Amino acid sequence: MAERTEWTLQIEGMTCDHCAKTIDETLRRVPGVVDTATSYPDRRARVVTEASVEGAKLAGEIAGTGKGYRVSGHSSRKLRVERSPGDEELDLAVVGGGSAGFAAAIRAADLGASAAIIEGGALGGTCVNVGCVPSKTLIRAAEVFHRAGHHAFAGVRAKLDRPDLKAIVKQKDELVAELQQAKYWDVLAAYPSVMLVKGKATFREDGSLLVDGKPLRARKVVLAMGSRPWAPPIPGLDLTPYLTSTEALSLPELPKTLIAIGGSAVGLEIAQLLARLGVKVTVLEALPRIVPAEDADIGEAIAAYLREEGMDLHPGVAVRRVSGRPGAYKVEVEEAGKTRTFEGEQLLVATGRRANTAGLGLEEAGIRLGKKGEVVVDEHLETRRKGIYAAGDVAGDPMFVYVAAFAGSLAAENALSGNARKYDLAVVPRVTFTDPGVASVGHTEAQARERGIQVAVSKLPLSYVPRAIAARDTRGLIKLVADEKTNLLVGAHILAPEAGEMVQAAAMAIRFSIRVDEIAAMLHPYLTHAEGLKLACQTFKKDVAKLSRCAA
């Protein structure tokens with residue numbers, strides 16, 4: 001075991017992100033440096049070292065690059081010890097330091113067990129670093145900019161300048177750094193029985209665990225390596241530089257035009273935020289409509305609203321070839337039996353994610369992988385290799401951070417307490433953060449009919465929801481799917497400016513078998529979007545156009 005020190009260095013002289021990378025590369029060569037992350041926008045480096053390393057040494061190495069960098073100030077704090085491979089046997093080893101991994105380690109600590117998180121990269125995984133957090137804060141920034149010049153209120157005027165992308169991205173990076181510290185490093189420090197092991201995990205054929213080639217002994221293991229962006233085998237794409245969601249959230253400048261391949265949640269969210277900041281965006285989707293996993297009525301409606309904003313949407317196309325470089329891309333597609341070519345300054349590929357399972361020796365260790373590379377698990381999240389479990393994106397769809405956290409906790413509990421709990425994903429709400437937003441839970445109308453349910457459907461345009469009327473924004477609808485025999489809700493599909501804030505009530509109704517007439521009879525606060533669920537339930541039996549605004 002060895003003590004660790006966390007240094008925060010204020011650095012002058014950086015002029016770009018490449019400077020930050022140079023400083024990181026320099027510091028990683030210093031004996032005793034365990035981890036380093038330098039931010040050009042923040043003019044700051046966070047460095048984890050062995051206790052013997054002094055701040056003056058770090059400052060000297062940075063100044064010694066000869067590029068004009070200078071440490072103008074620093075602070076430090078002691079970290080708990082890390083566990084080194086070869087120490088006493090752990091109760092649980094967790095491979096991956098994202099949401100699923102941390103949830104697993106925390107649950108182990110709650111159960112009185114010792115645990116180690118094995119992570120070779122940045123703590124926090126996809127969500128806080130390159131996924132949920134950065135995308136949603138950028139989406140809200142773009143929404144604020146857009147709404148300043150696009151609203152229905154008389155007498156309210158705003159003069160808009162071109163958005164300052166560098167300032168927006170800098171603020172995003174600051175938020176990411178703040179949350180990584182508060183929700184991961186500080187959380188880690190709060191659990192004395194949870195250790196951090198920096199390095200790459202691999203497995204031997206007998207299922208034993210190695211970290212950087214050295215054995216780490218643990219009674220049980222939870223795999224939580226997360227996922228990465230995936231691109232389909234489009235001719236020319238392997239020879240063409242392109243943006244994934246990761247790079248798109250840190251663009252140094254706005255392109256004039258962008259082609260997005262992929263019209264599901266991630267592709268649409270990024271496409272709309274860039275469009276609202278002034279980029280001419282074209283979205284290409286192979287399936288017949290955008291957000292193809294959603295109910296057809298929702299997909300058609302959101303497409304209409306996005307086109308009204310000026311986005312060029314092309315569902316049902318086959319991408320035949322990609323070529324070009326930043327500033328000049330060409331994408332050849334087949335659409336309605338004809339070949340056409342789209343051109344753009346930037347190219348975004350947002351066609352899904354795949355589990356991070358390559359290069360770990362999993363299959364050689366007897367751990368089965370699925371067709372998309374995901375770890376195959378049973379109802380307890382245990383793999384085919386007894387004692388090794390998997391949780392989060394690495395186990396495949398649905399790849400949501402809240403599902404990952406739930407799975408990580410459950411996997412750890414089953415690993416340590418004997419497979420007492422089953423992994424139940426019968427009710428999983430999901431949200432696409434477009435504007436209007438898309439949120440859904442349960443079956444679509446088509447899915448319910450395929451399952452032989454005697455379906456009753458309610459469709460309520462937001463033009464009947466008082467909150468939307470008062471806000472002068474009636475874009476959207478609420479569609480409910482119920483079992484006509486039992487009067488139970490089996491699906492809810494919402495298109496509204498705050499759809500994500502509305503869907504949880506429907507999820508609870510499905511989970512706890514609350515009938516639609518019971519929802520309709522409940523008190524809902526007036527002038528809230530949540531009241532729309534009540535009105536949609538009333539629509540099964542009544543014409544809401546003939547109801548008073550406060551009618552029960």
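Trainee: How many aromatic pairs does the structure hold?
Mentor: The structure, which is a predicted model, holds 3 aromatic pairs. In one of them the ring centres of phenylalanine 102 and tyrosine 184 lie 4.8 Å apart with the planes at 85 degrees, and because planes over 60 degrees apart count as edge-to-face, this pair is edge-to-face.

Trainee: Where in the chain do phenylalanine 102 and tyrosine 184 sit?
Mentor: Phenylalanine 102 belongs to helix α3 (residues 99–110) and tyrosine 184 to helix α6, so that the pair links distant parts of the chain, 82 residues apart.

Trainee: And is phenylalanine 102 buried or exposed?
Mentor: Phenylalanine 102 is buried, at a relative accessible area of 5%, and tyrosine 184 is buried as well, at 10%.

Trainee: OK, what about α6, how does its axis cross that of α5?
Mentor: The axes of α5 (residues 132–149) and α6 (residues 165–189) come within 10 Å and cross at roughly 145 degrees, and the crossing is right-handed.

Trainee: Which residues meet there?
Mentor: From α5 they include Val133, Pro134 and Leu138, and from α6 they include Ile168, Lys172 and Leu179; the contact as a whole divides into 8 nonpolar residues, 1 polar and 1 charged.

Trainee: Switching to strands, what is the order in the open sheet of 3 strands?
Mentor: The order is β8-β9-β10, with antiparallel pairing, and the edge strands, each pairing on one side only, are β8 (201–203) and β10 (214–216).

Trainee: Which residue stands opposite phenylalanine 203?
Mentor: That is leucine 209 in β9, the strand of residues 209–211 that 3 bridges join to β8.

Key. Residues numbered from 1 in each chain as written. Predicted model: local features only at pLDDT ≥ 70, side-chain atom pairs only at ≥ 80, totals over all residues. Heavy atoms only, no water. Pairing = 2+ DSSP bridges. Helix = DSSP H or I, 4+ residues; strand = E, 2+ residues; numbered from the N terminus. Axes fitted to C-alpha atoms, helices over the stretch in contact; angles between N-to-C directions. Left-handed = near helix turned anticlockwise from the far one by under 90°. Contact = heavy atoms within 4.5 Å. Nonpolar A, V, L, I, M, F, W, Y, C, P; charged D, E, K, R; others polar. Phe/Tyr/Trp six-rings, centres within 6.5 Å; stacked < 30°, edge-to-face > 60°. Buried < 20%, exposed > 50% of the residue type's maximum accessible area, 1.4 Å probe, protein only.
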